[in-house]
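Here is a friendly briefing to read alongside your model. Please keep the sequence and the 3D view open as you go.

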Amino acid sequence: MGRCSLLLLLLASLTPGAASPVSPSLRAPSSLPWSTSFRSRPTITPKYSIRYIQQKVDHFGFNIDRTFKQRYLIADNYWKEDGGSILFYTGNEGDIIWFCNNTGFMWDIAEEMKAMLVFAEHRYYGESLPFGADSFSDSRHLNFLTTEQALADFAKLIKYLKRTIPGARNQPVIALGGSYGGMLAAWFRMKYPHLVVGALASSAPIWQFNDLVPCDVFMKIVTTDFSQSGPNCSESIRRSWDAINRLAKKGPGLRWLSEALHLCTPLTKLQDVQHLKDWIAETWVNLAMVDYPYESNFLQPLPAWPVKVVCQYFKYSNVPDTLMLRNIFQALNVYYNYSGQAKCLNVSETATSSLGVQGWSYQACTEMVMPTCSDGVDDMFEPHSWNMKEYSDDCFKQWGVRPRPSWIPTMYGGKNISSHTNIIFSNGELDPWSGGGVTKDITDTLLAIVIPNGAHHLDLRASNALDPVSVQLTRSLEVKYMKQWVTDFYVRLRKLN
């Protein structure tokens with residue numbers, strides 16, 4: 001039975017009035033920590049030391065000897081040499097301190113796992129810049145920004161830690177990551193199985209490439225989130241695009257739109273309207289990703305269940321264009337001005353500055369080509385087909401490079417990964433990236449957990465009193481399997497000795 005089915009059955013057993021009983025063997029074991037550890041533990045303030053390691057700019061060539069300082073964080077408050085473990089966060093596209101502060105799950109389980117926590121910063125992000133201020137100057141300097149080079153950085157760092165920290169040499173390492181970091185965690189286990197005993201890949205869309213999944217699956221999930229969060233919500237948004245177009249074409253339309261939406265930079269030409277609509281669409285996508293059950297500050301400061309809050313302004317879809325735009329402003333204000341401090345809305349920014357926009361733009365133009373499309377019928381967005389030539393031309397214009405859309409499946413196996421072991425793929429049903437994720441067990445050790453009412457890597461966030469039972473159970477299952485990996489490691493180690 002798949003983990004998805006197991007989790008749903010566990011939920012059924014805990015729901016009052018559940019229609020069908022659950023086999024005792026599938027009920028939440030009393031030894032799992034969800035009912036005590038995760039629910040009662042107070043918020044932990046991360047305390048870590050900041051360190052650096054010299055890394056080769058190019059791990060795979062022999063002509064460049066240049067090195068750079070990779071930043072990483074270490075916390076060993078609960079680490080035990082006897083029977084302990086190392087939880088290694090595979091850093092993604094941003095400042096590693098920001099990711100550390102938003103990965104409370106590792107801090108919550110550190111004592112239970114007797115774990116040393118390591119957060120490794122991804123090259124070209126945060127302070128880990130191979131060419132300093134020149135790192136983004138041109139494609140020649142950016143040529144070493146690849147997943148392969150990043151994984152090699154992680155491999156060298158683990159070997160360095162085991163060599164230099166007394167007691168760490170013979171300890172099991174588990175890779176953890178969320179989103180792109182989750183993809184890296186899975187790929188790290190696949191490429192370096194001798195260095196990590198397993199991986200937790202949360203919200204990791206490793207199949208959002210080429211034609212492994214339909215390109216429209218992402219926008220359909222966003223639409224489902226909005227349609228389930230309020231009557232007429234997704235339909236109102238679907239109708240809003242034409243309302244914007246009609247208003248923009250009227251005499252004073254651009255000025256009126258700029259004032260109605262309180263834009264920091266006024267619209268001056270019709271071409272600005274498409275950028276405006278793209279910005280609004282990205283806002284709805286981000287809201288679906290961070291639709292957490294409590295107040296949060298991941299991409300922006302937000303209320304609990306922010307999609308439901310937004311949908312309050314879209315109860316009626318058949319309204320005049322001007323009222324539709326005022327409703328859109330109120331909805332956008334939930335995302336961009338929940339704190340009440342913004343004086344205007346900036347169409348050039350949709351998320352925290354801790355994310356590395358430049359680096360990710362380059363990666364999306366080389367290896368990380370993840371097609372998305374919409375048809376405006378089965379989703380709430382304007383029709384937009386996937387045009388690889390247009391995409392490639394835009395990349396060449398911006399960076400002077402052409403994408404290789406088939407390289408990631410070639411490098412990491414696409415859907416042919418059954419030869420690998422010990423990877424947990426977790427996905428929230430609310431997360432649009434789940435459409436490109438692994439949502440069914442592949443083997444007995446390549447496991448999938450689907451989290452009802454879960455948004456983007458909710459399971460990696462710190463425990464919260466408002467967490468749905470689904471994510472509490474998910475974390476319990478994840479700890480259960482990670483403990484088993486650690487036990488298996490020490491059993492093998494004793495046999496070797």
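Residues are numbered from 1 along each chain as its sequence is written, and side-chain values use heavy atoms, with hydrogens and water left out.

**Confidence**

- The average pLDDT (the predictor's confidence in each residue, from 0 to 100) is 90 for the chain, and 90% of the residues score at least 70.
- Where pLDDT is low, the predicted coordinates should not be read in detail.

**Disulfides**

- How many disulfides does the structure hold? There are four, a disulfide being a pair of cysteine sulfur atoms within 2.5 Å.
- Counting the bonded cysteines along the chain, the pattern is 1-7, 2-4, 3-5, 6-8.
- Cys215 and Cys373 are bonded with their sulfur atoms 2.0 Å apart. The torsion about this S-S bond is about 85°, so the disulfide of Cys215 and Cys373 is right-handed. This pair links distant parts of the chain, 158 residues apart: Cys215 is in the loop between β6 (198-202) and α8 (217-227), and Cys373 is in the loop between α14 (357-364) and α15 (388-399). Helices (H or I, at least four residues) and strands (E, at least two) are DSSP runs, numbered from the N terminus.
- Buried means under 20% relative accessible area, exposed over 50%, and partly exposed in between (1.4 Å probe, protein chains only).
- Cys233 and Cys311 form another disulfide, with 2.1 Å between their sulfur atoms. The link of Cys233 and Cys311 is left-handed, with -80° about the S-S bond. Because Cys233 lies in helix α9 (residues 233-249) and Cys311 in helix α12 (residues 306-311), the pair ties together parts that are 78 residues apart in sequence. Cys233 is buried, at 1% relative accessible area, and Cys311 is buried too, at 2%.
- Cys365 is joined to Cys395, S to S 2.1 Å. The link of Cys365 and Cys395 is left-handed, with -80° about its S-S bond. Cys365 sits in the loop between α14 and α15 and Cys395 in helix α15, so this pair ties together parts that are 30 residues apart in sequence. Both ends are buried: Cys365 has a relative accessible area of 5%, and Cys395 one of 2%.

**Buried residues and helix α8**

- Eight of the eleven residues of α8 are buried, so this helix is largely enclosed by the rest of the structure. The buried residues are Val217, Phe218, Met219, Ile221, Val222, Thr223, Asp225 and Phe226.
- What do the buried residues of α8 pack against? Their partners are α9, α11 and α12.
- Leu325, in helix α13 (residues 321-336), is buried with a relative accessible area of 0%. Leaving aside neighbours within four places in sequence, Leu325 is in contact with Ala243, Ile244, Leu247, Trp256, Leu257 and Leu261. The C-alpha atoms of Leu325 and Ile244 are separated by 7.4 Å, although the two residues are 81 residues apart along the chain.
- Lys277 belongs to helix α11 (residues 271-289) and counts as buried, at 5% relative accessibility. Beyond its neighbours within four places in sequence, Lys277 is in contact with Trp241, Ile244, Asn245 and Glu382.

**The second largest pocket**

- The second largest pocket has a volume of about 370 Å³. Of the 20 residues that line this pocket, Lys162, Arg169, Gln171, His194 and Phe489 are the closest to its centre.
- Helices α6 (147-164) and α17 (469-496) are the elements that give two or more residues to the lining of this pocket.- On a 1 Å grid over the protein atoms alone, a pocket is an open set of points where a 1.4 Å probe fits, with protein on both sides within 12 Å along at least five of seven lines; lining residues have an atom within 4 Å of a point. Grid points are joined across faces, edges and corners, and the volume is the space filled by probe spheres set on the points.

Note on methods. Predicted model: local features only at pLDDT ≥ 70, side-chain atom pairs only at ≥ 80, totals over all residues. Contact = heavy atoms within 4.5 Å.
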